[in-house]
Amino acid sequence: MSQIETEVLIVGGGIAGTAIARELSRYKVDATLVEKGVDFGQGITKCSSTMMCQGSNTLEFRSEYHNSRLVWAGMPLMAPLCQELNIPLKRIGSLELIKNQAGMRRPEKMIRRFNEYRGKYIPPEVEPIQLIDRETLRSWEPNLNKQFIGALYDPNIAVNDPVRLTIALAENARQNGVNILLETEVLGISAGIDTFDVQTNNGSIRCRYIINAAGEYIGKLAQMANADDFALYPVKSYQAVLDKKIGGLINHMVFTTENGMVSPTIHGNLFFGISPGTQRLGKAHDHSTDQKLADAAMKHAQELVPDVSAKDIINSFVGFIVFRNFEIGWHECTVGVSRWVPRFINASIGFPGICAAPAVAKEMVEILTKNGLRLEENPEFNPYREAMPDFSELSDEEKKKLIAQDPRYGHVVCRCETVTEGEIVEAVKRGARTLDGVKFRCRPGMGRCQGGFCGPRVTKILARELGVPETEVTKKGGESRNLIYKSKELLEAQQ
Amino acid sequence: MKLQDVDVAVIGAGPAGMAAAIKAKEAGAENVVIMERAEELGGLLHQCVHNGFGLLYFNQDLTGPEYGHRFIEKVMDTGVKPLLETMVVRLTEDRQIGAVNIREGYITFKPKSIVLAMGCRERSRGALNIPGTRPAGVLTAGTAQRYVNVEGFVPGKKIVILGSGDIGMIMARRLTLEGAHVEAVVEILPYIGGLIRNEVQCLHDFEIPLFLEHTVTRIHGEERVRAVTIAKVDGRRNPIAGTERTIACDTLLLSVGLIPENELSVMAGIRLDPVTGGALVDEMRQTTVSGVFAGGNVLHVHDLVDNVSWESELAGESAAKFALEEKPQKQGEISIKAGTNIRYIVPQTISGQRDVTLYMRVTEPEEMVRIKVGDIMTKGIRAVKPSEMLKIELPAETLKKLKDGTKEIIVDCEKRGGK
């Protein structure tokens, strides 16, 4: 059992934790991030939609909400961040659909509010939202249900891949000196006068500050330090990814307040989900999908885009958000120092987590400074991260060149997403330890056959690169092995 | 052989591709290549170590590898050029092929004609949308078959199989022989999805419980499958509340249907039949794109490999003819339409000039039926099942009975007598 000392301990390797770690790596500070899982972004980050910038719908939040400020402040930060980290971000714009004349009131109010807030809370680089009429709507979205009479258009909405963003943030943070420990679960915290002693399954860590970015476990972690001065509720929804062959059905993210949304993804699939609503569904840490929600989501999606069909679903998963106490504004977030325990800082963004993360990270620097941490700039900070090679996106010439350099790029392992052995090896080099780890970095198994063809091949490559037998390769760590026995092992055991 | 000189390029080296390539060569095409993503010829036959192959084609009961081996030898003997570990990633309407491999890198060429023989893939959990958690241990039956028969691993000890397709039933037996315990085979329909001989030889002979009109309604377990809940379904295939039972298991295999692998076909602008999921073809197995032919499971899912071979030989022969004549052939002009209790028919169009074999499936099982091909032919059959493909021979002689200008022939499967 090891014992380490660090100035700042970040607990949680989701979008919040990794964004904070990367922001802190701009400074000369001894920071450590611990994540209990084998990889980054595998908790609620994975359960988020692909929507990157929450625009008009957050205008419903009260302007004094901390959350609103973070969302708005985060909007102009996302594009440059993605550029530095070399991951794709695509601005697609959103359309909040209007059903009838009575439905015009809300968008009109939103526009008024937007104009009022612009320059005050909303940064000037955010583009204005506007109403579009039925004809424009039809020409932009010919496959939309014809019943809608117009829409509130928000050009700021973008999509990317939240898990890839999280992984990229972690990679960049590590590259800039943050100590990252995976499979390290916090088991207990004892607060001293000016340090914490944190017990983990991998030994103990002494630190001065704790940043609680434990996602859905934020309450549990806060409790360990007696810093749980808030109440949180998990809310579950349902999301589904559809085959790329119908990816062009919709060009913008389309939604209504009661129907949820249908949107293209950054990878060219179509995606739909129901809005989580305020119903308090689901137990903490239960990420199982549910037939009722699935049926409701499909019904809603078809009300928006009638050609969406269950036969095109290639995967579905739960949407999961941890909300703050419903009674005091369920949209509000919990970012700040605990009222009871100094230097214990909570960072739960709730809705809408991903796009607020860059702003949360910046704010965390302020909070730490205010609470006595001296932060000196790190002159060696390198904001850039080399992109993962993406074979399918290359031109013919680039493909030839890459294969000439490394023939493993000529070995296509995943047919559906055209993923090569070269990319899988690179993913492992960058830290993938599981089948899901490979999948979230370079997509084998994310396509329509869901790993039916490439599964055995990826398992083999992963085992070879990690130097373990194939029976020890897991889907997502722990006991999640796909292959438990070698041939004849069961028969021999019976004799 | 230079790729620039290729007459016929066959995509896929499973049973369909091998049969097509051999036949193309035999029919006179000089330069034939067969492009295969795997390391060797044979496709899925290597993992099908059970018997039952070749009963019709060779009049012998062979295993998959034995059946495959006969074709592999012939591919080599006839001088077809295999391009292994080569993935075709692009196909255009004017027959340009783009492919990658580790030797030549990215290659492009334009053969005179093409045979599509990419086979099919299995429906996955995602496509079924089964509720519950997302643990390890949920596999398609074919993937499990590869692990057990080729890679040398057994996925788990207590198995539940959803769907009674042939691969599912064969894996029930295979895993039992490997020392695993198959707790249940669960089928949503009132009848099995595969062949009767597999129900008898793979399930009944091994006393494996079969639950008809049941489905899996939930998957349990965080890291690895811990259990599944199954329930009885009503006539509309919806689970009936109160009939749920939970079966402890560590593995769920899915054998719930096969989907023709037509991404390249779509890329080339080939029109597909929404029912088969394969290309629309004429009696020569030419698709809607001139010079591109298709055969085997890429066209429609077969239940016997023997038929895959025959159908693909036809496609290969047609492709060779096209390459030699180098003139576009017209697609047939008479549509063959599915009527009463017929799910689909391949080919979808015919010329009316040649002998043709109609491959078809019924929608519902039925006994004592009569197949009516328009008003030119009827054929009595004792029993029909959706899982067993029907073949109806239509000789050119019979087709002469068609009235001039016939545009459409409807095929019905009617109950005989009706008394």
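**Exercise 1.** Which residues does Leu165(A) touch, not counting residues up to four places away in sequence?

*Solution.* This is a predicted model, in which local features need pLDDT of at least 70, side-chain atom pairs count only at pLDDT 80 or more, and totals for chains, interfaces and linings use all residues. Residues are numbered from 1 along each chain as its sequence is written, chains are lettered from A and ligands numbered from 1 in the order in which they are written, and side-chain values use heavy atoms, with hydrogens and water left out.

Step 1: take contact to mean heavy atoms within 4.5 Å. Step 2: with that cut-off, Leu165(A) touches Ile15(A), Met78(A), Leu81(A), Cys82(A), Leu85(A), Ile87(A), Asn160(A) and Ile354(A), again not counting residues up to four places away in sequence.

**Exercise 2.** Describe the surroundings of Glu313(B).

*Solution.* Step 1: Glu313(B) lies in helix H8 (residues 305-325) of chain B. Step 2: Glu313(B) is buried yet has no salt bridge, a term that requires a side-chain nitrogen of Lys or Arg within 4 Å of a carboxyl oxygen of Asp or Glu. Step 3: the nearest side chain of opposite charge, Lys23(B), is 4.7 Å away. Step 4: not counting residues up to four places away in sequence, Glu313(B) touches Ala19(B), Lys23(B) and Tyr57(B).

**Exercise 3.** Work out why one side of S5 and of S21 in chain B is left without a neighbour in the sheet.

*Solution.* Step 1: the open sheet has five strands in the order S5-S2-S1-S9-S21 (chain B), with parallel pairing, and two strands pair if DSSP finds at least two bridges between them. Step 2: strand S5 (81-83) and strand S21 (292-294) stand at the edges with a single partner strand each, so one side of each has no neighbour in the sheet. Step 3: within the sheet, four bridges join S1 (residues 8-11) to S2 (residues 32-35) of chain B, and Val8(B) has Val32(B) as its bridge partner in S2(B).

Key:
Helices (H or I, at least four residues) and strands (E, at least two) are DSSP runs, numbered from the N terminus. Buried means under 20% relative accessible area, exposed over 50%, partly exposed in between (1.4 Å probe, protein chains only). Lys and Arg count as positive and Asp and Glu as negative; His and the chain ends are not counted.
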